[in-house]
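Please go through the sequence and the model below together with this report. It takes up confidence, the sheet, the nonpolar cores and the salt bridges in turn.

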Amino acid sequence: MWKGVVSVTANNSLLAKLDVPAGVPRGKRFVATRLVEALSASVLVAVASIAAIASAQAQSNGGYDPRSWTYDRGRNVLVSPSASGLTADGEIVPEESVIPRQVVTFSEAQPKGSIVINTKERRLYYMLGGGKALRYAVGVGKEGLEWSSRDMISKKKDWPDWRPPAEMRSREASKGRILPAHVAGGPNNPLGARALYIGNTLYRVHGTNQPWTVGRANSSGCIRMTNEDVIDLYDRVKVGAQIIVRH
C-alpha cells in the first residue's frame with residue numbers, strides 16, 4: 001500500500017509526499033501524486049467554505065445579517081444561515097398563502113389612478129375608474145404603529161436600497177435585534193423589488209423578501225406587498241397620484 005502525508009504551509013501552498021515502494025513504475029508514482037494533490041485540494045476548499053459560513057454566522061448580529069442569508073427562488077423566501085426554513089426571528093417559515101389580486105366593485109368616488117388603503121381590512125385598492133378597482137393584499141403596521149393620511153406618491157424606485165430610520169434601529173436594538181445602517185437593493189433587501197414613496201414621510205408601499213407577512217399587521221408602518229403585486233402596481237401608478245391610508 002502507498003502511504004500519503006499531506007501538509008499545508010502558512011501561505012496555503014500544498015505539499016504532497018508519497019512513500020512509494022521502489023519497485024513501483026515512475027508513471028504510477030506520478031498518478032498517485034496527482035491523486036493525493038487533488039484530494040487534498042478538495043479538503044482545503046471544504047474547510048475554507050465551512051470557515052466562511054462560520055464567519056458569516058458570527059457577523060449575523062443575532063440572526064439578522066442579509067449578507068449571510070441565502071435566497072430560495074423556488075419558495076421566494078430568505079433562508080437563515082443557521083437553520084433553513086426559519087425566519088430571522090427564529091420562527092418556522094409558514095407555507096405561503098397566496099391572496100390573488102382581483103378587480104372588484106368600488107363605489108366610492110376617487111380619481112382614476114389613485115390608491116386607497118384600508119389597513120384594518122389589509123387591502124389596497126387601485127382605482128380603475130367606472131366604479132371598479134384592482135384589489136391587492138397588503139401587510140400593515142403592527143399594533144401601536146398604525147397611521148392614516150391623505151398624501152401623494154412622491155417618487156418610485158426599482159429595487160430600492162434600505163436605510164432603516166434611527167428610531168427603528170433604536171427600537172429593534174432594545175429587543176436585541178441589531179439592524180444594519182444600509183442594505184443595498186436586491187433579493188435580500190426588506191423593501192423588495194419596488195417602492196412607492198408617500199409624500200415626505202418615511203412610509204412607503206413596497207415589496208418584501210418575506211411574502212408570508214403579507215396580509216398581516218407586523219410591519220413598522222410601511223405597506224408591504226408581494227414582489228409580484230408591487231411590480232404590477234408600480235407599473236400602473238404615476239408619481240403625483242393620490243394615496244389615502246385609512247385605519
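## Confidence and conventions

The predictor's confidence in each residue is given as pLDDT, on a scale from 0 to 100. The chain averages a pLDDT of 74, and 60% of the residues score at least 70. Over residues 1-20 the pLDDT is below 50, and this stretch has 35 contacts in the model beyond near neighbours in sequence, a contact being heavy atoms within 4.5 Å. Residues 80-89 also stay under 50 in pLDDT, with 27 contacts beyond four places in sequence. Where pLDDT is low, the predicted coordinates should not be read in detail.

This is a predicted model, in which local features need pLDDT of at least 70 and side-chain atom pairs count only at pLDDT 80 or more, whereas totals for chains, interfaces and linings use all residues. Residues are numbered from 1 along each chain as its sequence is written, and side-chain values use heavy atoms, with hydrogens and water left out.

## The sheet

Helices (H or I, at least four residues) and strands (E, at least two) are DSSP runs numbered from the N terminus, and two strands pair if DSSP finds at least two bridges between them. Nine strands make up an open sheet of mixed pairing, in the order S5-S8-S7-S6-S15-S10-S11-S12-S14. Its edge strands are S5 (102-105) and S14 (223-224), each of which pairs on one side only. Strands S10 (residues 149-158) and S11 (residues 194-198) run antiparallel and are joined by five bridges, and lysine 156 has leucine 196 in S11 as its bridge partner.

## Nonpolar cores

A nonpolar core is a set of buried Ala, Val, Leu, Ile, Met, Phe, Trp, Tyr and Cys residues joined through side-chain atoms within 4.5 Å; buried means under 20% relative accessible area, exposed over 50%, and partly exposed in between (1.4 Å probe, protein chains only). The largest core has 22 residues, of which Ile115, Leu124, Val205 and Leu233 touch the most other members. Helix H3 gives the largest share of this core, three residues. Beyond four places in sequence, leucine 233 is in contact with residues including Ile115, Leu124, Leu196 and Val205.

## Salt bridges

The whole structure holds eight salt bridges, each defined by a side-chain nitrogen of Lys or Arg within 4 Å of a carboxyl oxygen of Asp or Glu. Glutamate 172, which is buried at 7% relative accessible area, forms one with lysine 175 at 3.7 Å and another with arginine 177 at 3.5 Å. Lysine 175 is exposed at 54%, whereas arginine 177 is partly exposed at 23%.
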